[in-house]
Amino acid sequence: MALQEAIYKAIQEFGKDVLIESRFINILNDYHGFDEMPAARLILRIIQEEGHMSQLVSSAESLNKPAISQIPYKINKRFGFEMELVENIINCLLGSVGYSVVSSSVKISDEGISSPVPKDISITEVSKEDLKKAWSDKDGVQYSKNRKKLLQAPKSIDACCIQEGTRIVCNHAFSECQSLENLILPEGLTHIGDSAFSVCKSLQGLFLPKSLIHIGDNAFSWCLSLRFLVFQNKIKTIGQDAFRRCFLEKVFIPDGTRSHFESILPKDMHKTIIEGNTLTTFLRNQLQWDFIKH
């Protein structure tokens, strides 16, 4: 489809205001399905046809975050798309291959791009704006306004069924929730942040969703009671010391993925790996039953 035809179809379906409509950001935060939407396809086509795709890949490989963050500004300047909207799509693109992504990391002036903001913001970090607009569920667990990020949980929580639609568990979200024993992670979750579940000393087992692509540094460190993990997919990245001081007995992985998991898990966990999906349904049902009983 030609670029002009894609623009026409996007405007025809969503109206001219789609180019600056902020509500579209909430739609694009849904990482699964964003590429099925005409405006998202349009921005992806712009990224490709304007030569930004090669710049994006080379900048990501060299960890040149300021260069990445110039792309939304250029697209905003030329086509009128809201910068945050373009950043969201770039987050999706880079997140899908395991890169950390920055957001709003370039200062904009009328003259153009100026120096990068000193601190890059990872998609798993919690901003002041997130907390200011946070929504809380009945258990006091806080989510971002669009319910895509789980920001933080009360230290006293002992069971949590994370809201459907959550894509990110942010850094330190459940850190030191020492009574947390039962935890259900929803399908659609893509990122678990740094130290997200560190020192959750009562957590015994975890069934990780198929959608998960990244586990951060120290994510489950010092989960002293953690005995088994179930991976349903070939997860892309596992951070440093993600399972430090965990005494895992069994790590279930999909068929044909042993070499991959041995390359991303520490050596002392290799002996716990069990390849094959025979028990995954049983384990998932057991976890859900334990949660219901609780």
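Predicted model: local features only at pLDDT ≥ 70, side-chain atom pairs only at ≥ 80, totals over all residues.

I started with burial: buried means under 20% relative accessible area, exposed over 50%, and partly exposed in between (1.4 Å probe, protein chains only). By that cut-off, 48% of the 294 residues of the chain are buried.

Residues are numbered from 1 along each chain as its sequence is written, and side-chain values use heavy atoms, with hydrogens and water left out.

Next I looked up secondary structure, taken as DSSP runs numbered from the N terminus (helices H or I, at least four residues; strands E, at least two). The chain has nine helices and 15 strands.

Then salt bridges, meaning a side-chain nitrogen of Lys or Arg within 4 Å of a carboxyl oxygen of Asp or Glu. I find six in the structure.

Which residues does a network of salt bridges link? I get Arg258, Glu262 and Glu275. Arg258 and Glu262 come to 3.4 Å at their closest N and O atoms; they sit four residues apart in helix α8 (residues 258-264), so about one helical turn separates them. Arg258 also pairs with Glu275, at 3.8 Å. That pair links distant parts of the chain, with Glu275 in strand β15 (residues 273-275), 17 residues from Arg258. Relative accessibility is 28% for Arg258, 30% for Glu262 and 34% for Glu275.

Last, I checked Glu129 and Lys133, another salt bridge, at 3.0 Å. Glu129 is partly exposed at 41%, and Lys133 is partly exposed at 42%.
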